[in-house]
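Please examine the structure shown below.

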Amino acid sequence: MYTYPSDSECAHARFAGLIRTSVRRARIVGFDGIGDQPTAAGRRLKPRPVVRPFRPLSVAVSLMVMFGSGQFVISIDLEMSWGAVHHGHPHDNAPYRREREVVEDVLGLMAAYGMSATWATVGHLFLSECQGLSDDAHPDITPSYPWLAEEWYDLDPGSNLDSAPTWYGADLVDMIKACPVPQEIGSHSFAHIIAGDPACSREAFAADIAAAVAVAAEAGVELRSFVYPRNSIGHLGVLEEAEFLAYRGATPPSIRRSGLLGRIEAATQMIRPTATFRAEQHGSLVNIPHTYLFDPGSKNARRLGTAGWSRLVQRRLRHAIRTQSLFHLWFHSHNLAVDVDRAHTAMEDLFQLARTEIDRGRLVNLTMGDMARRMLAERVA
Ligand SMILES: [Zn+2]
């Protein structure tokens, strides 16, 4: 096992067929085809050309000076049944039961290679039992989405960990806290509500966040990093008021053309990445955009095979090291349940490379909270 230095800065079987389908419908052309948008309506968004945003050189230079290395951030969406049950498909919870196996495996790799991640956990998973909406732990105000016939908590089983293990996860929270290499437990909302949907009022989001903060506090966890369900961003001011420091934004556009030229550009990026990504401050929050979805069931992973896909992922990390930029790997724990062996092999290859580069001083591994603290402290200073 990796001995963690105490003073270190480190801080779905394609059951997701159902999830993946709804997510894919909502993707727009972007880096590796990633770029999640609100999926409420399940409407296919028409690919459109995107424009590279203007980035002042001074921001990039100051971040390079601040970190003096590539930045490796890992965020994991831990949501179980809450991530899928509201989205219009019959809910089969059987595959989600593999998530405990995945979490255990990933934590083992974190411990072996001294890596820290941000586990963006749905607040309801902090519980081991509840009585549904009447339970004090649940928010008083809930969003009422036109695309959902039921109210949000009508689907809450009001049960317990033994009877409904994919709705409660107090044991998972304990498992993450027990990792010998410190991990950050962040928030993925209390009940996986879609914040960017116009039907989600500020009050409803604030009530959800208050519930998430309260249940985490009861478990001794201060929430500082937030990952929006479905990457649907909204009501950032609520996060600021709740003293969050970081949120995960969308991958900035890196493909500048649509149609055939865009596909050629995307393929070129895959072979030889050129786009660089950096965290940016927004008000009192730091936006740490995701830059790569680690998905062993993706088209690329299946086409390339384990070894080829693993090399592709490593290329992304090497590029971030070379350019002293951000590599923000993200996934849902259920993504890895699709092919546990492939996920394990590629993640271990990646962590071996990362460990070597960290030891050489060319890379830092940061949780989202750590990265935000460093950037915000630098600004104050
Ligand atoms: Zn409940």
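In this predicted model, helix α3, which spans residues 99–113, packs against α10 at an angle of about 20 degrees, and the two axes lie 10 Å apart. An angle under 35 degrees counts as roughly parallel, and α3 and α10 are therefore roughly parallel to each other. The crossing in which α3 passes α10 is right-handed.

Which residues make this contact? On the side of α3 they are E101, V102, D105, L109 and Y113, while α10 contributes V340, H344, M347, E348, F351, Q352, A354 and R355. Sorted by class, the contact of α3 with α10 comprises seven nonpolar, two polar and four charged residues.

Helix α10, residues 340–359, also packs with helix α8, residues 299–323. Here the angle is about 20 degrees and the axes are 10 Å apart. By the reasoning already applied, α8 and α10 are therefore roughly parallel to each other. Where α8 passes α10, the crossing is right-handed.

From α8, the residues A301, T306, W309, S310, V313, Q314, L317 and I321 take part in the contact. Their partners on α10 are R342, T345, A346, D349, L350, L353, A354 and E357. How do the residues of the contact of α8 with α10 divide into nonpolar, polar and charged, and how many belong to each class? Nine are nonpolar, four are polar and three are charged.

Definitions and conventions:
Residues numbered from 1 in each chain as written. Predicted model: local features only at pLDDT ≥ 70, side-chain atom pairs only at ≥ 80, totals over all residues. Axes fitted to C-alpha atoms, helices over the stretch in contact; angles between N-to-C directions. Helix = DSSP H or I, 4+ residues; strand = E, 2+ residues; numbered from the N terminus. Parallel < 35°, antiparallel > 145°, perpendicular 65-115°, else oblique. Left-handed = near helix turned anticlockwise from the far one by under 90°. Contact = placed C-beta atoms within 7 Å. Nonpolar A, V, L, I, M, F, W, Y, C, P; charged D, E, K, R; others polar.
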